[in-house]
Amino acid sequence: MILPERMSRVQIIANKELLDDIVTKILKFQNFEPEEPEEPISNERFEDARRKLGIIQEHLNKFQIIMDLAGVTIEPKGKMKTGNWNKIADEVDHEATQEEEKYKELLEEIGKIKSELDLYKAQLNEVLPFKDITVNLSKLYSLKLFDVYLLTILPNQLDKVKFDNALVLTKRINEKTYAVIIIAPKGVLQKDKLEKEIGAKVFETPEGKAPYDVYNELQNKINELTKILEETRAKLKEKLKACELHIKEIYGKLLTIRDALTIISRARVSEFYVQIEGYAPTKMIKKLKDQLKGEAFITERSPRRYGEKDKPPTLVSLPKSIRVIESVVELYGTPSYWEISPIIFLIFTFPILFGLMFPDFGNALVVFLFAIWFYKYGKRKGSENTEKLSLVLIYSSIVAMITGLLAREFFGPVLVGGPREVFNNDSYPVGPLYYAWPVPVSVSDSLKYLIPFGNYSILSIEIENTMIISIFIGALALFVSSLLGVINAIDKKDPEFLFYEKLPLLILYTVPLIIFGYGFVDISDYFGKVECLLGGLLTNIFSFPPNLSTPTYALAYILILWVEIGLIYNWISKVILIKRHEGHVGLGAAIGMGFIEGGFEAGILLLSNTISFIRILVFALAHYYLLYAFSYMGLLVLYSSLPYVAAVIIAGILIALGNLLAIALEGLIVFIQDMRLHFYEMFSKFYEGQGRKFMPVMNYVELEEGEKEIAKEGEVIEVKAV
């Protein structure tokens, strides 16, 4: 799960009369991605397969459009007999064409309705800026004393609508549109000249109707067409459901034939032999050889070193339950074959950081239920990305529920800690869930610096300690990220990448880990030790000669020298890289650019990346105190002189409002900030994401052995020179 699967470049040589059987066995193997041969045995290809591949792909596109329009997801299922793949392609082509004919009229009707909708929506957008005008334009444009012109213009045309002896009224509709009304004495401004000067046409309506009436007419037409469109889609969906099994079979056959023809179209053929080449996981090669034993000659080789022409696909083996995390990584890019996959990193860090920033069982439960709904919505719409992202949110909200349990928080402090926690006064009662809560106060108290929770007296020392823990988590994450960068460089066998790119970062990002891990020399006084070392750093930065009076101060001075040496090393490395890869740059310019990138910028990033992790538990504190504030206001109302029923209603509304704000706003912000910490702070240290995903060919339906047929020359395969 950490490193991508080792891949081998496989070459299969077989008698061309066995081509169809070889292709069938490769499909059943399900772990082979075909490629163009590096050293082809000839320039001859199976051109007929290449042509038919386009036809099959067109059918797949049509089926996908039909399913999208109907709002259904069709999974490939069924069986098909194997044999001559070119003939099978012809048969399924005919079958798919017949099936598509069944929906032709409905599809044409849907297309016509959508075109009309688009037209009316475009007209509606034109009328939108003036929809509140109820006067007929035929009257407005034919006044005796004044000329009135209505226009919609772009921001860069604003300066052109300033005229003497004319009143100009402008209103911003959106970022790209302004509505303008120009009123001038009769004859001062001519329509043609006005349009030419401004570059925008005067707004008009059919038969000079009032924009208000036109807008409502268009809106009614859009509503009617939308209703008709939904009814037509429902008919299409009903028709699809009626023959769902048959469609699944055709769809599965099309996908299987597409992959079979992909193998054949990339193969090369000589007078007697066929050559198929591609990638397969190294550990699966023996299985492939066993399946093709006696029918083909197979050779294999490991990929060449990084940086050469060979670029193997990436396969990261993951259990199905955690494979969804891959969707977050793919937002950044597919891992290269030569680098450690960050997926294993994300499996733990993404949900944990989310849980630390959002520790409230009640709020997390709402997010969890929303994520389940979002998953079902994505599945219904056939959106794989929505399904994966919603599963990531489900996992993250589960962790947030756990941290919420530990923090003893349920929709804020009222229901557990109660007025006693909110007012910080033992004379008030506790919340209704205080004694029923499964996690005792003693457990929460022992975790108070890791998971900020109630009973805070808002002392500055507690906030400082929370920030120190946050930065320690960040320092650890940055060190591990930098270490992974070094491991990647070693795996690539690229000395330049190792010594001039990744090693300087590891040297620099070791320092924050030492600083904020220093407290573990005496865990009982962790915060005191860290603060003492930070004090030593400040003292030695601003004093000369250095203060070496204690071991802690001596370590602080060593760390300062460590950072200076690391920055100088990084500076020199950048100068060397600039001179090597940008030969036109002079030495002086290279030194200057190297200082900016390797010295100044690296130092700023070292500080900012480390401090950036303060947001982890600061978000948790912000979450708690937002709910605390609304709870405080609610309880003030509850204990006021208002009638009890009214006070309960108002207090409930205030607390509910605070929770809705926390769930909707903070939940989204925390998810985004979690991604930011991974993408910008961590991934940038070791992950490039410039690989390509392993896309093996496979059978999407069960393959049954059909009648054997030996091809005559030119009958089954049409061979043409490239």
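**View 1. Strand β1 between two partners.** Val10 stands opposite Glu300 in β10. Strand β10 (residues 296-301) runs antiparallel to β1, joined by 6 bridges. The model is predicted; local features need pLDDT of at least 70, side-chain atom pairs count only at pLDDT 80 or more, and totals for chains, interfaces and linings use all residues. Residues are numbered from 1 along each chain as its sequence is written, and side-chain values use heavy atoms, with hydrogens and water left out. Strand β9 (residues 273-281) is also antiparallel to β1, through 9 bridges. There, Gln11 has Glu277 as its bridge partner. Strands pair if DSSP finds at least two bridges between them. Of the 9 residues in β1 (residues 7-15), 7 are buried (under 20% relative accessible area, 1.4 Å probe, protein chains only).

**View 2. Ala475 in helix α16.** Ala475 lies in α16 (residues 460-492). Ala475 counts as buried because its relative accessibility is 1%. Beyond neighbours within four places in sequence, Ala475 is in contact with Pro512 and Leu513 (heavy atoms within 4.5 Å). Val430 is 45 residues from Ala475 in sequence and 38 Å away, C-alpha to C-alpha.

**View 3. Helices α18 and α19.** The axes of α18 (residues 526-541) and α19 (residues 551-581) come within 8 Å and cross at roughly 60 degrees. Axes are lines fitted to C-alpha atoms over the stretch in contact, with angles from 0 to 180 degrees between N-to-C directions. The contact includes Leu533 and Leu537 of α18, and Tyr553 and Leu559 of α19.

Key. Helix = DSSP H or I, 4+ residues; strand = E, 2+ residues; numbered from the N terminus. Buried < 20%, exposed > 50% of the residue type's maximum accessible area, 1.4 Å probe, protein only.
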